[in-house]
Amino acid sequence: MIVAVARRIALSLLTLVLLAIFVFVATEIMPGDALDVTLSADELAMIPPERLAQMKRELGLDRPAAERLVAFLAGTVQLDFGLTIISRTPAADIIAYPLRNSVLLAGAVLAAAIPLALALGVAAAYRYRRALDNAVSAGAIIGYSVPEFVIATVLVILFAVLWPLFPATITAATRDPAHVLLAAAPLPVATVLIGSIAYLARILRVGMIEALASDFVERLRLTGVPEWRVLLLHALPAGVIPSLTAMALYAASLVSGIVVVELVFAYPGLGQELVRAVTRREVHVIQAIALSSAVVVVGLNLVADLAILLLDPRTRR
Amino acid sequence: MKAMHRRSLLKAGLAGTAFLAALDRSLGLAQAQAAPKRGGTLSYAQLSANRRSADARNARHPYFVVDANTRLQWNCLTWVNEKLDVEMELATKIEPTDDRLVVWDVALREGVRFHDGREMTSADVASSFEYHRRNAPFARQIQRIETVGKYVARFTLETGNAEFAYILAEYNSVIMPAGSLETIGMDGIGTGPFKIVATDANRSMIMERFDGYWREGAPYLDRVEIHNREGQQESALNGLRAGQFDAVLTIDPRAVQQLQSDPAYDIETARGGYSFVIQLPKHPGSPFLDKRVRQALACAIDREAIVRVAYGGKHGWIGNDSHLMVTDAAFVPRPGGRDVAKAKRLLAEAGFPNGITLPTLYFSPQLPEVPRYFQVLQQSVKDAGITVPIEERPNDGYIQFRTGDNDLSKGNFHKFAMTAVGSRNPGISLFRMRGANVESGHWRGPEHDRYMALYETAMVTRDAGRRKAIYAEMQAILHEEVPAILPAGGDTFLVKRKSVRNMPYHPQIWSIRFDHVWKA
């Protein structure tokens with residue numbers, strides 16, 4: 001068990017180092033730099049080329065890539081992602097609150113999505129190939145297939161414009177308390193929730209169908225164990241195990257990847273900050289966001305692996 | 001019952017329409033003439049980009065605030081009005097002290113207070129411009145700034161500039177309380193009608209009325225809330241429709257077409273907001289080395305069709321192949337109009353009697369109408385036998401792609417490509433066609449030299465009428481030489497609720513004033 005845990009932790013750390021190098025290389029090949037995109041065409045037209053070169057030197061944009069890679073890796077170890085190029089502010093400071101806000105949005109979605117998806121997945125699996133299963137499966141396919149921006153637009157038209165119950169666009173500030181942000185975000189939460197329930201219900205249903213069809217469930221039923229005990233205490237844990245990794249990765253993707261929803265509702269999260277940083281070539285902010293997202297993905301994957309190790313003795317070998 | 005004839009029905013309909021129109025006009029007039037009301041909050045979304053990314057440390061600094069908002073909390077020494085004429089703002093008089101127009105004395109308005117209660121003096125102006133001349137491209141021509149008296153500041157320029165007053169109105173040129181180069185402007189204190197209460201970097205700014213504002217009676221509003229929705233027009237318009245915003249600044253022409261029929265909103269138009277320059281590279285082997293090819297292309301483009309298709313006919317204007325906007329008093333329309341026969345003749349003289357295939361023309365979707373704009377251009381020049389492959393490039397990295405460098409051996413020469421051009425005074429606009437600037441396709445030759453000589457003469461010509469004549473001569477050179485092509489431009493728009501009054505838009509969005517905006 002200890003060896004298995006140590007092996008997974010070591011693999012996770014190696015993955016993070018490789019990801020850090022990949023992130024650096026990926027940001028290196030982006031065209032242009034922060035100074036270029038800071039200047040408008042009108043301003044650029046007024047600056048002589050030699051002055052532009054001097055400004056780049058002053059901002060350290062002419063340093064060799066190898067030198068910057070070493071500095072980047074050394075800084076990353078100490079959680080120092082460097083300063084923004086134009087305003088000289090720590091990149092970590094810039095992403096701290098957006099990261100909190102994205103975790104908040106993802107947390108709210110998951111808090112609602114997991115129990116609902118569990119209920120639907122279990123019910124559909126229990127009524128396999130009957131009306132309820134067909135309805136859940138069809139609903140899940142539709143919910144998962146419709147793009148989030150379409151769901152968002154429909155929700156805004158219905159619940160913000162025609163029937164103004166919720167804000168159409170979020171005007172709360174990035175550093176507002178969590179309850180203020182959540183109170184302003186029912187529509188973004190609902191938008192992501194629909195797709196999340198659809199996705200999670202589908203994978204849980206498959207796991208539960210396999211568990212309910214297994215020999216040990218059959219044996220339990222033959223020995224006269226009540227059906228609700230078979231379902232909830234025996235089949236459910238077995239049915240959830242195969243879905244754990246997928247669920248963990250999905251949760252991680254919610255933290256780092258709700259870009260469309262954040263843009264549609266102007267939610268002050270990590271996705272919006274990433275788009276802004278890419279547009280402005282603030283490479284240190286891009287690197288900090290990419291790495292923190294990677295940490296979330298690798299971390300949740302590790303948690304799922306450890307949970308499987310705990311729940312399934314066969315994996316400890 | 002008497003039968004109703006078709007003619008009487010039509011008459012009744014026309015009379016009814018006329019009555020309704022008159023009623024609408026009188027109501028509109030009444031609305032416009034209603035006495036301004038004090039108080040209230042204006043909440044608006046703005047869509048233009050602030051490429052200087054603000055953060056919690058500098059979100060109050062004028063260089064990191066979106067330009068459309070700078071005149072809420074600051075003022076400049078001068079202001080450019082909607083017709084692009086310069087007016088005094090914090091200055092009362094701007095005069096050159098020498099014939100070369102190199103040294104300028106600026107007399108300041110007395111009794112102007114900053115938001116912290118301090119009086120603005122020439123020391124603040126000197127300190128502000130020490131910062132600007134190091135950091136703002138338009139202010140780099142200022143060599144020295146000194147105080148002559150408490151209310152007079154003296155500017156020494158690198159070379160004479162008859163239009164120096166315009167430089168003082170640029171969005172970066174705001175007056176801040178004196179401070180060190182490291183800290184000046186960080187507190188967001190200005191002399192403007194509103195003072196900053198709270199900021200959320202890149203996202204929002206909350207401002208309240210400044211009671212000590214120097215313009216008497218202004219502002220009318222108590223509070224202004226600005227929400228940044230850069231690149232998120234739908235989000236901003238959703239906020240408008242849901243009643244969260246009173247206005248959205250810088251909407252695109254398509255949104256105008258959707259919203260203008262909605263009785264809940266007013267569209268405010270600023271004529272001549274921007275244009276597009278197509279740079280024509282003149283490196284060895286380029287077809288644009290031959291002036292006749294450039295002239296043929298200029299003659300072949302159906303500019304009216306571009307305005308009709310890309311701008312719905314009324315939200316755009318025909319360019320004259322200079323960087324001047326149509327609203328500029330110095331703007332001289334390009335003579336002759338579209339002439340396909342002449343284009344064909346020029347091509348034949350240039351050795352292309354059967355037409356010519358030009359290199360790929362690149363564009364990026366800097367504004368939503370751009371793809372349509374260039375599709376119309378491509379189709380229209382076919383009539384003259386000109387084939388222009390067009391290719392859309394992403395905005396991301398486009399500047400580097402377009403400008404490249406000036407060395408063919410590096411394989412990254414500047415491209416046959418477009419970029420958007422903002423609205424500025426004639427001096428700056430015409431200077432952009434200098435050979436050293438990529439937008440001219442690095443134009444060279446005797447006519448270029450004559451153009452630049454005229455420019456230099458204009459810059460030291462005090463008399464505005466004489467300058468205008470020189471500008472006309474410069475444009476005539478451009479019409480003949482065609483170093484670059486600026487086929488057509490667009491207007492800029494804002495949409496607002498009917499309850500928001502007296503909020504006209506401005507072709508330079510950093511010059512929009514909120515002093516007399518009020519809410520019914």
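**Close-up views of the predicted model**

**An arginine–aspartate pair in chain B.** B:D211 is exposed, with a relative accessible area of 64% (exposed means over 50%, buried under 20%, and partly exposed in between, using a 1.4 Å probe and protein chains only). Its partner in a salt bridge is B:R209, with the closest N and O atoms 2.9 Å apart; the term means a side-chain nitrogen of Lys or Arg within 4 Å of a carboxyl oxygen of Asp or Glu. B:R209 counts as partly exposed, at 22% relative accessibility. Elsewhere in chain B, B:K291, B:R294, B:E480 and B:E481 are joined into one network by salt bridges that share partners. Over all chains, the structure holds 38 salt bridges.

**Reading these views.** Residues are numbered from 1 along each chain as its sequence is written, chains are lettered from A and ligands numbered from 1 in the order in which they are written, and side-chain values use heavy atoms, with hydrogens and water left out.

**Chain A is built with 15 helices and zero strands.** Helices (H or I, at least four residues) and strands (E, at least two) are DSSP runs numbered from the N terminus. The C-alpha trace of chain A spans about 85 × 60 × 30 Å along its principal axes. Of the 317 residues in chain A, 44% are buried. Take the contacts (heavy atoms within 4.5 Å) between chain A residues at least 6 apart in sequence: 76% of them join residues at least 24 apart. The accessible surface of chain A is about 15,100 Å², and 71% of that belongs to carbon and sulfur atoms; the areas come from the Shrake-Rupley method with a 1.4 Å probe, and for residues only the protein chains shown count as cover.

**Charge in chain A comes from 24 positive and 23 negative side chains.** Lys and Arg count as positive and Asp and Glu as negative, while His and the chain ends are not counted. The centres of the two sets lie 11 Å apart, with each charge placed at NZ of Lys, CZ of Arg, CG of Asp or CD of Glu.

**Confidence along chain A.** The mean pLDDT of chain A is 85, and 94% of its residues score at least 70. Confidence is highest in helix α9 (residues 178-184) of chain A, at a mean of 94, and lowest in helix α2 (residues 34-38) of chain A, at 66. A friendly caution: where pLDDT is low, the predicted coordinates should not be read in detail.

**A:R221 and A:E227 form a salt bridge.** Their closest N and O atoms are 2.7 Å apart. A:R221 is partly exposed, at 31% relative accessibility, and A:E227 is partly exposed too, at 28%.

**B:E89 and B:R71 form a salt bridge between buried residues.** The closest N and O atoms of B:E89 and B:R71 are 3.3 Å apart. B:E89 sits in the loop between β3 (86-88) and β4 (91-96) of chain B, and B:R71 in helix α2 (residues 70-73) of chain B, so the pair ties together parts that are 18 residues apart in sequence. The relative accessible area is 0% for B:E89 and 3% for B:R71.

In chain B, look for the cis peptide bond from B:A218 to B:P219, where omega is near -5°. B:P219 lies in the loop between β9 (204-209) and β10 (223-228) of chain B. A:R129 is not a glycine, yet has a positive phi of about 65°. A:R129 belongs to the loop between α6 (91-126) and α7 (131-145) of chain A and is exposed, with a relative accessible area of 66%. B:L101, also not a glycine, has a positive phi of about 60°. B:L101 is in the loop between β4 and β5 (103-108) of chain B and is buried, at a relative accessible area of 1%.

**B:L108 and its surroundings.** B:L108 is part of strand β5 of chain B and counts as buried, at 4% relative accessibility. Leaving aside neighbours within four places in sequence, its contacts include B:L77, B:L90, B:M120, B:V125 and B:Y151. The C-alpha atoms of B:L108 and B:V152 are 5.9 Å from each other, although 44 residues separate the two along the chain.

Notes:
Predicted model: local features only at pLDDT ≥ 70, side-chain atom pairs only at ≥ 80, totals over all residues. pLDDT = per-residue confidence, 0-100.
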